Amino acid sequence: MGTAFRQRAAERLAGTDALLQRSYPGDPGTRQPVHTVYLPADSFTPETARQWGERAARSVAGLGAASLAEQVAPEGAAPGLVDRVARAVEHKLATEPIEDVRLDFEDGFGDRGDQEEDEWAVRAARTVALAVREGTAPPYIGIRFKCFEDATRDRGLRTLDLFVTTLVREGGLREAGHSEDGLPRGLVLTLPKVSTTEQVDVMVEACEQLEAGLGLPAGRLRFEVQMETAPMILGTDGTCPIPAMLHRTDGRVEALHYGTYDYSDSLQIAAQYQSMEHPAADHAKAVMQVAVAGTGVRLSDGSTNILPTGSDRQKLAAWRLHARLVRRSLERGYYQGWDLHAHQLPTRYLATYFFYREGFPAAALRLKNYVHGIESEIMDEPATARALARFVHRGVLCGAISGEELEESAGIGEHELFSLAHPKAAAPAASTTGGDFR
């Protein structure tokens, strides 16, 4: 093939090259929280995370963290692993019990009239800023405002405006050296009950107007979309609207969150059968997973409303259920989920740490063989090596695996691991882990 043909090929595929670079950049490799805690906006204080951690620890005090770990451990888990995971979770609950929190102005707040919600939107922003300044805020924090359907659209936009504007103008984060633009570094905004791409378009424009009015850099405000209605899985034209929705927002959508109960209700599934593992839920999440593949948009599973708050027998059954559902989500590539109660935190972290710890030895050995050219019975290709590295990297970021263990078992450091896992992304200056596995 001559130079002329290669030139024509480059010209014909220039649009494809631009599309792949713009719309399919891959996962950024930054930390993704393992969960999101939802609580009414008027119940959050700078002490909420600490209090939830204490409540979570007390909830297992009778049984003991090690005993609960044994109850929810994968079959055949070695006693030494069970003990180490239990200790790691105890440390996690004492140091960073909540990774991501959403102050809820939607279902968790209700309709209280404009004056009261206005007051709480301003108060919520000031409280978030205070928590950030005092160092008690979870790494990721933000609000869920009311949806953009006709009955609540104005209210949702008004709450969003008041919250963001108050953070920037009155939060004091810039002056205190906690932020260059007045917003928390881990700010997350949640748009619920999305049914059409036009609702997302309005959210994009709202972000643009806020940025212009507050002097924020273009693109600073990003948001997550809650997938809670059937039209976002199958649109009126018989296609899935998710890809078009994502590709017209210029990267502002950072995550899709599956809403277990609203989505189930939209399909008229009976209440007693609404679950994260219902076949309808699995179908919706599989569509979401394919739609975001390669885009860098992340996924979160939903929640279970079976809470470990009753008798010892009921609590153990609920913990086992929660741990199984968390593990199920992780195995299916959903690395985040919702938690609704402090008593769900022990099994969130137990199941998550077991997932990464159980798979780490084999993954580390295969990475070591791949990187150092050691011959073995498994000949991994670059794509498999990326998958192994991404798995281990997520384990490091959430605190299940330490950097020292990585170097000892895989013979590589965190920067090399990042390069293997996310070859398209720029390496971070330093890792930020969510725990301390000791």
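Predicted model: local features only at pLDDT ≥ 70, side-chain atom pairs only at ≥ 80, totals over all residues.

Colleague: Fine. Where does K193 sit?

Modeller: K193 is in the loop between β4 (187-191) and α8 (197-214). Its phi is positive, about 50 degrees, although K193 is not a glycine.

Colleague: Is K193 buried or exposed?

Modeller: K193 is buried, at a relative accessible area of 15%. Buried means under 20% relative accessible area, exposed over 50%, partly exposed in between (1.4 Å probe, protein chains only).

Colleague: And Q268, what is its phi?

Modeller: Near 60 degrees, again a positive value in a residue other than glycine. Q268 lies in the loop between α10 (260-266) and α11 (279-292). Q268 counts as exposed because its relative accessibility is 75%.

Colleague: What about M276? Which loop is it in?

Modeller: M276 is in the loop between α10 and α11. M276 is buried, with 8% relative accessible area.

Colleague: What does M276 touch?

Modeller: Leaving out residues up to four places away in sequence, the partners of M276 include T260, D282, K285, D301, L325 and R328. Contact means heavy atoms within 4.5 Å. M276 and S311 are 35 residues apart in sequence, and their C-alpha atoms are 24 Å apart.

Colleague: Let's zoom out. How many helices and strands does the chain have?

Modeller: The chain has 16 helices and eight strands. Of its 438 residues, 51% count as buried.

Colleague: What about the radius of gyration?

Modeller: The chain has 22 Å, which agrees with the value near 22 Å for a compact globule of 438 residues. That radius is taken over C-alpha atoms, and the globule rule is 2.2 Å times the number of residues to the power 0.38. The C-alpha atoms fill a box of roughly 75 × 70 × 50 Å along the principal axes.

Colleague: On to the core. Which residues have the most contacts inside the largest one?

Modeller: L189, F223, L256 and V392, in a nonpolar core of 110 residues. Helix α13 (residues 345-372) gives the most to this core, with 12 residues. A nonpolar core is a set of buried Ala, Val, Leu, Ile, Met, Phe, Trp, Tyr and Cys residues joined through side-chain atoms within 4.5 Å.

Colleague: What is F223 in contact with?

Modeller: Beyond its neighbours within four places in sequence, the contacts of F223 include L189, L191, V200, M203, R252 and E254.

Colleague: Last two: G142 and T159. Where are they?

Modeller: G142 is in strand β3 (residues 140-144), and T159 is in helix α7 (residues 153-170). G142 is buried at 0% relative accessible area. T159 is buried too, with 0%.

Colleague: What are their contacts?

Modeller: Neighbours within four places aside, G142 contacts V101, R102, L103, L187 and V188. Not counting residues up to four places away, T159 touches F105, E117, A121, I143 and F145.

Definitions and conventions
Residues numbered from 1 in each chain as written. Heavy atoms only, no water. Helix = DSSP H or I, 4+ residues; strand = E, 2+ residues; numbered from the N terminus.
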